[in-house]
Structure formats: structure tokens, C-alpha cells
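Let's walk through this one together, starting with the overall layout and ending at the ligands. Have your viewer open.

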Amino acid sequence: MDALFPWLDAPSDRLAVRVGDAALTQRQLAAACAAHVAALRARGLATGDRVAVWTQPALATAVALVAQAAAGYVSVPLDAKLGDHELAHVLGDAAPRACVAADVDAVAGRAGALATLAVTAPTADAPPLVPVAVRGAPALVLYTSGTTGAPKGAVITDRNVAANLDMLARAWAWTGDDVVVHALPLYHVHGLVLGLFGSLRRGGALRWVPRFTPDGLADALRDHPRAVVFAVPTMYHRLCDAADAAPAIADALRGARLLVSGSAPLAAREHARVERLTGHRVIERYGLTETLINCSARHDGDRRAGHVGPRLDGVELRLVDDARRPLAAGAGGDAEAIGEVAVRGPNVFAGYLNRDDATRAVLDADGWFYTGDLATLAPDGQVRIVGRRSTDILKCGGFKVGAGEVEAALLEHPAVAEAAVIGAPDPDLGERIVAFVVARAPVDAAALADHVAAHLSPHKRPRELRFVDALPRNAMGKVQKTALRALTG
Ligand code: MLC
Ligand code: AMP
């Protein structure tokens, strides 16, 4: 197979990455990547080594991630706002040999004894980067939450990335002429694999807006007419709110070639609102950290609200019952029958780092991955996600959050005797993290939210906190979350 970014051997003067007013052409990016890899090698780091990358809002962050993927290092992207407990878990579990940062001072001391290297500026004497061929070797470890326990590191190979991006290219007619504009973080599949690696694999460009605001995204779109926009539903919701008040925002979106949504369900009313304001029917696609993207509406196909399109060419997809037996599909099947989505293909990850037990629970011997998502499958192949097997997995603003990890963090606070976390429907975030707490000492809600933000990360903090005298429990002592959900209305 070819290299992940085939143009690296013969870069052109086309735009490759832009962050704010700082930009790199392919040629400049190739030189920056060569310098970064030379610096890693000078530190004794070899292809295959794990290197953590703080995904700070800078061009150098993109350089490090691209260089490491091209040269066969395994990147472990770190959220710059990661809380101390979660950071300690990730660093202990992934055991990277080094850490790199665009701004070393901003993360001083955070990685403990681990050496933190600055992403170096290009030098004239750096040997050219020799890209590795895509070979099915680990390229990324992306941490993702489960129902309980600390997040698990999903090992994504270079082949997963290349194969999935090529499937998406066919679905979206994605070419080197496209500029993707997004305001997503670079430590998850959406912003990193699709946004950064996808743009560069095609030979096109990414305009990265590191901090989302509707105005900031619209400004970036004005620089790149006909852009492809990647965003989570919360962002479309906020863009529509802003566009209602400021038609210039609607105009900026109207010029785009495609508006793509994913990472969480886009409500049908938002789909309609985007169309009314911008004239675009959103392309919705569905994926997971462990599988990358499985389904998508096609650029020239049906963009049906509430649906995530058919499976991508190259991905096998079926619905299964509780015993993981396939439901009857196609014309003979029941279009309204709900089953768990199972997928198989070159997009499915290699497993969780250090967690063979957890890998075996989701990936069977035949290569089928069980997503935990519940869906229907129409005779024409359109998939509609209707829910999740576990209600202890939340999607808040497109971020996956495990109820268990938030509960564990709350229980570490000395004033908390008991805690239970649920997701409540939220028009902006999709789901809002609501915590029910039995306190053993006086404490205010903001202090508990800050505690979770500091130990895990700000997006995992409860948005709503309710103090109760006792949690509803069944005869076995298990917390009855259904009863709690009824309280949130
Ligand atoms: C707030 N902040 C705090 C805090 N409260 N910091 C410390 N302690 C506290 N108590 C800070 C935050 O860090 C942030 O800082 C700011 O205040 C606002 O935080 P927020 O309220 O949490 O952000 P919000 O506006 O709600 O974010 C909305 C959003 C975000 C849409 C921008 O949810 C987002 O970026 N979502 C994208 C998620 C994503 O990429 N998912 C892809 C997963 S991959 P500051 O500095 O930022 O102001 C996947 C596969 C697939 O799912 O299919 O794609
Ligand atoms: P993550 O582990 O963060 O990659 O989250 C993956 C989960 O996000 C999936 O299992 C789905 O529950 C959800 N998801 C992603 N895209 C969509 C979508 N288009 N519609 C509904 N749910 C989605």
C-alpha cells in the first residue's frame, strides 16, 4: 500500500494547513515534518515508539501529528485541558517514551518525569522525511470512555486510517481541491483522523479553528469559499442560533460545498433548520473511535434527516439481537426492527491497549465489532440510530462520557457520600450530564463541578447537580437510574 500522505515525497506549493493567520504549504509542511522527525530521532526515538502530543491550538500541533503518522510513530494525542487523574491514567497506560508540545512552558511539569520536547522549527539541514508505507501498524492510541472505569486506549492502525479515509473520499467526492474547515479538537477521530489526516491524505488542506465560536467558524469560511465543514450537532445548533440573528453567518455557511455532521445524532429539527438557513441538507455520518466511520450519506445520494446514510463501501454492517444473532436483513427483514449495530472491515481497530478482556468483549473471532448502538436498517440500506444499549454512556457536545468515571470522580470528593450520573436530553449538548449527590458535608454544586473538571476534564463536569437525601435503589441495592431520569423530565 502507499504512504498515508502520498505527496510528502514531492510536495507542492498548495496550502496544506492553516491555523489563524499561520499557514503551511505542502512544501513547508514537509520540511517542518522532516525537522520534527529528525529531532525525535536525535533523542533516540524510533519508528513504532509511542509519543504523546499535547494538542494545543497551534500549527506546530498539526506538524507533530502529521510527521509522526508519516514516519510510523504512534501518537497519543492529549487534550491540553485533561484533568490530573485522567492524565496520570493515560500516561501510565500508554507509557509514551516522550511527550511533544507546541508550547512547552504551558504544560511544564504536567507529564511528570517524561521528557517534553518542543516541536522544532524547520532547519535547512534536516534530512528529508522518509515516509513509511501503510502496513497495518499502530498509528494512534485514542482514549475513549466506557460505562465504568477509566478510559481505554483504542489502537488505530495506519491501514484503518487510510482505508477509511479512502471510503469517505468516494462517499463525499472528497479531493485535493477541498479545504476542510473545522473547529474540533485534534485528540479525537473527528477532528484528527477525518479533519487533519483526511484533508492531507487527499492532498487538500485543513483550516483549523482551535476554539469554536459561530463567528470564528464563519470568518474562516469566508477565506475558503466552497469549503467542506465538519462539525458536531452542538456546533450546528449554535451556528443556527447565531445565523438566525446574523444573516452573514448563514451566508458564510451557504457558500460551503458540503456541511457534514457526526459524533452524535443531529436532531431532525436541526437538519431542517440548517436547510432553511443555508440551503444545505447536512451530510450525516456515523462512527466510533474504535471503528472510525461506518455509515454516511453520499454527496449525490439521499440525505435523510434522522438517518446516518447507508454503510460505507468496504464496511460490512448488520444488526444483531441481544445474543448477537443477525436480524433478517433486506426486503425480507422488518425495516422497523431494532438491533445492535455490528460492523466489520479494514476500518475496525486493532484492540484496546493493555485491555485484551475489553477487546474480546466488543470484537469477536470473526472480526465483527459490536458498537453498543441500537439502530434500524431500511430495505434501501439507510441506517437510523435510535439509542444505545447502555444508558451509562453519554454523548455531551459530541464527547463520549462514561457515567461511571464521573461518579468515581465525584466520590473522591470528601463531601460526597453517594453519586449517580445520568444523561438528560439537552437541545444544545444533545445530552447534559446530570449528577445526583448525597452529601455528607456542606458543599456547593460549583465546587463539585470544578472538582470533576480538574480531575477528568472540563467537558466531563456535571452541568446540573442535584442534592438528594438518598438515591433510589432496588432490592439488590442497585441505583435505579430510570427513576432518576424521570426526575429530570
Ligand atoms: C468551563 N470551563 C471550565 C469549567 N467550566 N474549566 C475548568 N473548570 C470548570 N469548572 C472551560 C472549558 O474548559 C472551556 O474553556 C470553556 O470553559 C467552555 O467549556 P464548555 O462549556 O465545556 O464548552 P462548550 O461550549 O459546552 O463546548 C461545546 C463544544 C464542545 C461543541 C465546542 O463540546 C466540542 O468541542 N465538541 C466536540 C467534541 C468532538 O470533537 N467529538 C468527537 C469525538 S470522535 P475554553 O478555553 O475552551 O473556553 C467521535 C467519532 C465520530 O465521536 O463519529 O466522530
Ligand atoms: P466516540 O467513542 O466518541 O467515538 O463516540 C462514538 C459514538 O458516538 C457512537 O457509538 C454513537 O453512539 C455516537 N455517534 C457518532 N456519530 C453519530 C451519529 N451520526 N448519529 C448518532 N450517534 C452518533
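Predicted model: local features only at pLDDT ≥ 70, side-chain atom pairs only at ≥ 80, totals over all residues.

Residues are numbered from 1 along each chain as its sequence is written, chains are lettered from A and ligands numbered from 1 in the order in which they are written, and side-chain values use heavy atoms, with hydrogens and water left out.

The protein splits into domain 1 (6-384) and domain 2 (393-487), with bounds that come from an automatic or database domain assignment. Taken over C-alpha atoms, the centres of the two domains are 28 Å apart. Domain 1 puts 25 residues into the contact and domain 2 puts in 23, where contact means heavy atoms within 4.5 Å.

How much area is buried between domain 1 and domain 2? About 1700 Å², with carbon and sulfur atoms giving 46% of it; this is the accessible area (1.4 Å probe) that two parts lose on being put together, summed over both.

Two salt bridges are counted between the domains, a salt bridge being a side-chain nitrogen of Lys or Arg within 4 Å of a carboxyl oxygen of Asp or Glu. Look at Lys460 and Glu86, whose side chains meet in a salt bridge at 3.0 Å, N to O.

On to the ligands. Around ligand 1 there are 24 residues, and Arg211, Ser263, Arg285, Lys395 and Asp450 come nearest; a residue counts as near if one of its heavy atoms lies within 4 Å. A nitrogen atom of ligand 1 is 2.9 Å from a polar backbone atom of Gly398, while a polar side-chain atom of Arg463 lies 3.0 Å from an oxygen atom of ligand 1.

Ligand 2 is surrounded by 15 residues, with Glu284, Arg285, Thr289, Asp373 and Lys395 the closest. A polar side-chain atom of Asp373 sits 2.5 Å from an oxygen atom of ligand 2.

Terms used. Polar contact = N/O pair within 3.5 Å; in protein donor to acceptor, adjacent residues only side chain to side chain.
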